[in-house]
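Notebook open, structure loaded. I'm jotting down what I looked up, one topic at a time.

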Amino acid sequence: MTDQWPAPHRSGPHGWADLRNCVVSGDWFHAPVAGRLERMAGGLLEIGADGRIAAVCHAGSEQHRTLAREAAQAGRLVTLDGLLIPGLVDLHVHAPQYPQLGKGLDQPLEVWLQRYTFPLEARYADRLFARSVYRRLVADLLAGGTTTALYFASRHVEATCELADACIEARQRALVGRVVMDNPDQCPDFYRDASVAEGVAATRAVAAHIAAHPANAGWVRPVITPRFLPSCTDDMLHALGDLAGECGCHVQTHCAESDWARDYGQARFGHSDMEALDRFGLLTRHTVLAHGNFITASDMDLLARRGGAVAHCPLSNAWFANAVFPLRVALDKGVRVGLGTDIAGGPSASMMGTMRMTVAASRMLRDGVDPDRPAAERGRPGSAVDMMTAFHLATAGGGDALDLPVGRFAPGQHFDALRIDPDAPLGTMRLWGDESDEDLLATALYTASRANITHVWTDGQQTGQGARPA
């Protein structure tokens, strides 16, 4: 399949490393809306000095011919081979849990948190430990194509600032939140906020650090982060809701993840997690709720009215949720949805894997899994989604959930993108020359491995210490 794309042409001043101020030709794939794939074979993207897409021209148009000629004459034309897709958006990452990836997954959620997670997160009082983990995490996610991430950090201000710094240094677009947790009934003595004042002040301190960072330039934003309803007192939730109203920044938390979490909220508040978050002022246009497996139809209606979003985490749901998120129902109700790995509740950092599991989980929900029940009674008809929908959710859908201009190849969008090389050494993707547009991309999304992701750009600049030359 080496003949499918033209040989690389590098007449631009920076080769492939820096595509700003260049006109880039390639085989572009994106899904600007759920279920609809667009391919621009040989299309041109003009990238401005700010790393945003200034123009998009489809092959064969007069505009395309004119722009290609002018760019070639000016030495600004760069041709990329391979498949080119928007950067991936991970809406749910527990950054401090990266060292426990794959550990303790045979335990119930409430046991897993107490035995593994809280002791590990307490270690982030050591700023040097935090720096080491976070730099590796950010580099690994970028190498896998995750150009935007929504992060839960630990409850340590300095460590959370290290995470923000790591993202800025590596040029990964991110929202970073210092975890707030003060409920003595659910949080261990060694790992909780001593007071409401401490939780709010620490949240403000992280936001101030992010705002004042001299190299930030919009790469990182703060996010208010109550861990989840059980971990916070009513007074803390009220205070964080007030802060969200004051600053207008993003909010992230967990919502109705498991039977235990759902039942806890119902017993404590007398209503659902969604209603409780709304009453505390934490359900806004800028809210992203992780999981949501047990949200009801009325919860979805409320979420759609408020404009918040769900971070669908299909892999971790298989371990800790006791349910499959009704993704198709949420999409049909107009709920904004993106995808999340849920490191480390999900034992993989790959957004490619998350897309695959999104499709698989939806099919299991549609068809059911109990062989002792008749086929007609086994599942929930109409629940399945296809890979093109999952691709949309991992790119444009995630960007929409964060109100960020990422995930599409369109004017005004950041040029965050990745190149998939089907012929990469040690890669796992195979093409046979007869694929349709949809089959070509689906083959990449289902079978490509990290070795096939050879180049990743954010704002037009190639990322990663191990970035390969063009």
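Is Ala217 buried or exposed? I got exposed, since its relative accessible area is 76%; the cut-offs are under 20% for buried, over 50% for exposed and partly exposed in between, with a 1.4 Å probe and protein chains only.

Ground rules before I go on. This is a predicted model, where local features need pLDDT of at least 70 and side-chain atom pairs count only at pLDDT 80 or more, while totals for chains, interfaces and linings use all residues. Residues are numbered from 1 along each chain as its sequence is written, and side-chain values use heavy atoms, with hydrogens and water left out.

I stayed with Ala217 for its backbone. Its phi is near 50 degrees, a positive value in a residue other than glycine. Ala217 is in the loop between α5 (196–212) and β10 (220–226); helices (H or I, at least four residues) and strands (E, at least two) are DSSP runs, numbered from the N terminus.

Asp403 also turned up, with phi near 55 degrees, again positive in a residue other than glycine. I found Asp403 in the loop between α14 (387–402) and β15 (417–420), and it counts as partly exposed because its relative accessibility is 32%.

Then I checked omega. Ile343 and Ala344 are joined by a cis peptide bond, with omega about 5 degrees. Ala344 belongs to the loop between β14 (336–339) and α12 (351–367). I noted these because most residues other than glycine have a negative phi, and most peptide bonds are trans.

**Cores**

How many residues does the largest nonpolar core have? I read off 65, and those with the most contacts inside it are Ile85, Met355, Ile420, Leu441 and Leu445. A nonpolar core here is a set of buried Ala, Val, Leu, Ile, Met, Phe, Trp, Tyr and Cys residues joined through side-chain atoms within 4.5 Å. Apart from this core lies another, of 42 residues, including Leu137, Val176, Phe228 and Phe320.

I listed the partners of Leu441, leaving out residues up to four places away in sequence: Phe29, Leu37, Leu83, Ile85, Met388 and Phe391. Contact means heavy atoms within 4.5 Å.

**His30**

His30 sits in strand β2 (residues 23–33) and counts as buried because its relative accessibility is 4%. A polar atom of its side chain lies 3.0 Å from the backbone nitrogen of Phe409. Beyond four places in sequence, His30 touches Arg36, Leu37, Glu38, Pro86, Phe391, Arg408 and Phe409.

**Rings**

I counted eleven aromatic pairs. Rings of Phe, Tyr and Trp (its six-membered ring) pair if their centres lie within 6.5 Å; planes under 30 degrees apart are stacked, over 60 edge-to-face and the rest tilted.

Trp112 and Phe320 have ring centres 4.8 Å apart and planes at 45 degrees, so I logged the pair as tilted. This pair links distant parts of the chain, 208 residues apart: Trp112 is in helix α2 (residues 109–122) and Phe320 in helix α10 (residues 314–320). Both Trp112 and Phe320 are buried.

Tyr124 and Tyr134 have centres 5.3 Å apart and planes at 20 degrees, so that pair is stacked. Tyr124 lies in the loop between α2 and α3 (127–143), and Tyr134 in helix α3, so the pair ties together parts ten residues apart in sequence.

I also found one aromatic cluster formed by Trp28, Phe409, Phe415 and Trp457.

Which ring does the charged end of Arg123 sit over? Phe129's, at 4.0 Å from the ring centre; the rule wants NZ of Lys or CZ of Arg within 6 Å of the centre and within 35 degrees of the ring normal. Arg262 lies over the face of Phe294, 4.5 Å from the ring centre.

Phe129 is in helix α3 and is buried, with a relative accessible area of 15%. Leaving aside neighbours within four places in sequence, Phe129 contacts Pro99, Leu120, Arg123 and Tyr124.

**Cysteines**

I looked for disulfides (cysteine sulfur atoms within 2.5 Å) and the count came to zero. For Cys161, the nearest cysteine sulfur is that of Cys167, 12 Å away. For Cys232, the nearest is that of Cys187, at 7.0 Å. Cys232 is buried, with a relative accessible area of 0%.

Notes. A polar contact is a pair of N or O atoms within 3.5 Å; within protein, one must be able to donate a hydrogen and the other to accept it, and residues adjacent in sequence count only if both atoms are side-chain atoms.
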